[in-house]
Amino acid sequence: MAKTGIIYGINGPIVYLKGDAGFTMNEMVYVGRENLVGEVIGLTSRGTTIQVYEETTGLKPGETVTGTGAPVSVTLAPGILTNIFDGIERPLSEIAKTSGAYINRGVSVDSLDTSRKWKTHMTVKKGDRVFGGTIIAEVPETPAIVHKVMVPPDKEGYVLSVAEDGEYTINDPLVTIQTMDGREEALTMTQKWPIRMARPTAKRFPASQPLITGQRILDTLFPLAKGGTAAIPGGFGTGKTMTQHQIAKWSDANIIIYIGCGERGNEMTQVLEEFSELIDPKTGNPLMDRTTLIANTSNMPVAAREASLYAGLTLAEYYRDMGYHVAIMADSTSRWAEALRELSGRLEEMPAEEGFPAYLASKLSAFYERAGMMQNLNGTEGSVTIIGAVSPQGGDFSEPVTQNTKRFVRCFWGLDKSLAYARHFPAISWLTSYSEYLNDLGPWYTEQVDKRFVDYRNRIVYLLSQESSLMEIVKLIGGDVLPDDQKLILEIAKVIRVGFLQQNAFHKDDTCVPMEKQFKMMEVILHLYKKSRSLISMGMPMSVLKEDPIFDKVIAIKYDVPNDRPDMFEDYKKQIDRFYDAVVERNA
Amino acid sequence: MAIEYLGLSGINGPMVVLEGVSGASYDEIVEMTVDGNKKKLGRIIEVYEDKAIIQVFEGTEGLGLKNVHTRLTGHPMELGVSEEMLGRTMNGVGTPIDSLGEIIPEKMLDVNGQPLNPVTREYPRNYIRTGISAIDGLMTLIRGQKLPIFSGNGLPHDQLAAQIVQQASLGEDSDEEFAIVFAAMGVKHDVAEFFRKTFEESGVSSHVAMFINQANDPVVERLITPKVALTLAEYLAFEKNMHILVILTDMTSFAEAMREVSSSKGEIPSRKGFPGYLYSELAALYERAGIVKGINGSVTQIPILTMPNDDITHPIPDLTGYITEGQIVLDRVLNGQSVYPPINVLPSLSRLMKDGIGEGFTRADHQAVANQLFSSYAKVGDARALASVIGEDELSPLDKKYLVFGREFERRFVGQNPRDNRDIIRTLTIGWELLGLLPREELDRIDTKILDEYYQPTTPEEGI
């Protein structure tokens, strides 16, 4: 018999019960006649506090609250990929079928399709010893991803019987095990896992491989490791969402979990439409085949917004346990923090900075620490990478969410308003951004790309920082009075900014650039710099150098050299050499 | 007959406390009768076992602890909607005030609305021509978009909104139904009058439903006005297949009303005294723009807000910018130079533009021209800053060209006659004429092919 309580008071998404109904902390409950989903967030002997994940309009004191006996959990089984869920893992397409264009309240739908039959291949046999995490079956969930059915982390035993290979639903028993205390237990494809609890792993590895995104400023200048954490802060219109879309599209993660947390409805629709059409160049399948969307748009109930990040994270950990590299796009963590603030305000808790609760920092750190490159319980290796957008109020990075996020992420991609105004995209500022993974990933770049890669990268960054200090002078006295070697630095920095850092997301080649091309582009730019510098040191003025269209040609490399033609770079180097010879000859 | 409760147990600002109630539900609407004749509406914003806290829409003036009868209606705030409302003027809660008689509702709808399921949304792609170069060319308005005007006191935002309403067209061959829902929150009497007159003069007033809450009307009513207006808009768009343009003015008054009510409730403030849920509340309004799959109508929103002290980082414009799909920012300096419309293009943006322009919509070179104009105009700022330090004469020839470009851009592209209704080709042609002022190698955002087709060096017009 489920435990029940009676509603005493209602204040927005917060509902109070009088007395102790016997619920446990974080237990999922059904509230009122419409069975709204809620979670227990406070318990005292005098009363129980519940946050409701749906609109509470029409709820009355005196209605019943029923406990489920389990914490708020997500259902984990095949059928998660290609789907779009709300903040508590209810499939939005199913909700649309039952309630039309709008999201009604109290809709009860299964998280995953329970009638669909999946082609299943069993991977254990009778007598096998199985542990939490052992893979018992494989299901081709989408053409791109094989779903590995695992023993839930808290179970182990000996296999008593195994079903034949065949087609099963997610609730059909596949394997019967005898647990260590002698009971028999049937395992299906389905497991449930509480969203606020990290799934266990065997070991955490240090960062050693980059998450390749195809975006030059990220891969080359500020790389992110697989299993790492990154924050993208920026005011509105600076391109947070665009950057996240680009990473979701082109990064070399196996699986993408895209969490739209308190953002625009049209954006989720766009991801849904675009990702179904776009083809993943690595697998040849639609990008949607490796993607799951979690949508809690800004007008959806605020409590579910708080839960949506954890729901997405748990899905990600589940796929990591199968041995996949998963990347989470959380857009935006500020909305999540605001949901915390709103609930905290309703609970009349003592506020800290700007009304945010004092536990903001610990909640943020708990969230980001669930990322990592892990050895799973079943021995496979997988990773969860978190890329969180931050929407600082007024674009001011000193506000609490940005500052606290900065403490817990190791990669900071700061978006700059003035770059965005000049339509320099991605508008990631090369002066304020940083990546702490540079040293960890150096060996990978040396081995996999080129041994000069890190050196070139550092020289590019050095040129940009020199440009920035020269610009201080130019702003005061104009560029004409600078000596020629400094003019050259400005000119080369322009080539880097326009030709290398700016990247066109709508151009078929430029939208995603392989590492080899990124490296060669740097090489050509630095070659141009080297040759020009020796011309300058021979006394040639910058104005003579600029007569040659070579600078513009190098800028246009991103468009003119297709991604699969790295051989063309040799020709560019030759052109630079010819430019050098021609200038020397003409002015000798 | 529902039970009526006599008397109140407390009144605090716009909030009253009613004790001894039973069966009250959260967010329910109550009807209050004062002194046996005057009726007021209220909403239950907090409810405990036998106690309800009620927010009174028409203000608590005249209310006493003994002279009020309260009746529970059993449902949340509803609006009786009807196609008849087009051409009518209502107050902030939807009651007609134009003495043309009652409106017979076709349907009662909950004004709070419900979130649109992202799965059933259709991504907006059809562009709306406004005839204003700066908007059409650089921050194109798309059907189903929410594109606010960020303005300041004394700037011509009303004029601009009225011009958009008059000139907005869905394309030459469109015979689709088009209507306007206008909601005024806390506006001055003159502003409401200006819009009424403009709609009348341009002959569109039979297609306009006006909801007016003036500056001296009750503050709490203001909180419900945009919801009422959007409920009608949704009804007309998604059940009557019309294309609806919603003008909400002034969102600043709406947000300030929210602050006022929040502080009288004793809530913990976040920034500048605004409640922590300002974002959610604004989002619940703005997100009601859009298109639903399989339905021919659409809701496009143009909210107007006046930035307090012209500060774009103030919480109201800031949070709005995070929700809406771009913004049109008006600028006091340009206005001072008599540039109309005084749109500061650099912080302005339309997020949906990229999918609604180009080949098949406007012209293939549109995006490239827009990018280049933005990028070149951004450099004008640098050149001007330098000129103010070292003087214009000392600038390099290139910087001088940028100064000319900037001046011409503001004069000819941004600036236009209020009656000038430019088509997109005209807008792009002016764009190319302006880009012609710059040397070709400065145009680094445009493909070589497009440059070959359209680029022509030009000289500035004489007699500036």
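In chain A, Gln178 stands opposite Glu184 of strand E16. This pair belongs to a predicted model, in which local features need pLDDT of at least 70 and side-chain atom pairs count only at pLDDT 80 or more, while totals for chains, interfaces and linings use all residues. Residues are numbered from 1 along each chain as its sequence is written, and chains are lettered from A, with ligands numbered from 1, in the order in which they are written.

Strand E15 of chain A, residues 175-179, pairs with E16(A) in the antiparallel sense over 4 bridges; two strands pair if DSSP finds at least two bridges between them. Helices (H or I, at least four residues) and strands (E, at least two) are DSSP runs, numbered from the N terminus. Both strands lie in an open sheet of 4 strands in chain A, ordered E10-E13-E15-E16 with antiparallel pairing. Because E10 (129-130) and E16 (184-187) of chain A each have a single partner strand, they stand at the edges, and one side of each is left without a neighbour in the sheet.

A further open sheet of chain A, also of 4 strands and antiparallel, runs in the order E12-E11-E9-E14. Its edges are E12 (146-150) and E14 (166-168) of chain A, each with a single partner strand, so one side of each lacks a neighbour in the sheet. From one strand to the next the twist averages 40°, the axes being lines fitted to C-alpha atoms (for helices over the stretch in contact) and the angles running from 0 to 180 degrees between N-to-C directions. Within this sheet, E9 of chain A (residues 118-122) pairs with E14(A) in the antiparallel sense over 3 bridges, and A:Trp118 stands opposite A:Tyr168.

Chain A as a whole holds 17 helices and 26 strands. Its radius of gyration, taken over C-alpha atoms, is 28 Å, close to the 25 Å that the globule rule (2.2 Å times the number of residues to the power 0.38) gives for 588 residues, so chain A is as compact as a globular protein of that length.

The contact between the chains takes 60 residues from chain A and 59 from chain B, two residues being in contact if their C-beta atoms, placed from the backbone, lie within 7 Å. On the chain B side, strand E5 (38-48) and helices H6 (278-286), H7 (315-323) and H10 (366-390) each supply at least two residues. The largest share, 8 residues, comes from H10(B). Strand E1 of chain A (residues 4-11) pairs with E5(B) in the antiparallel sense over 2 bridges, with A:Gly9 opposite B:Tyr48.
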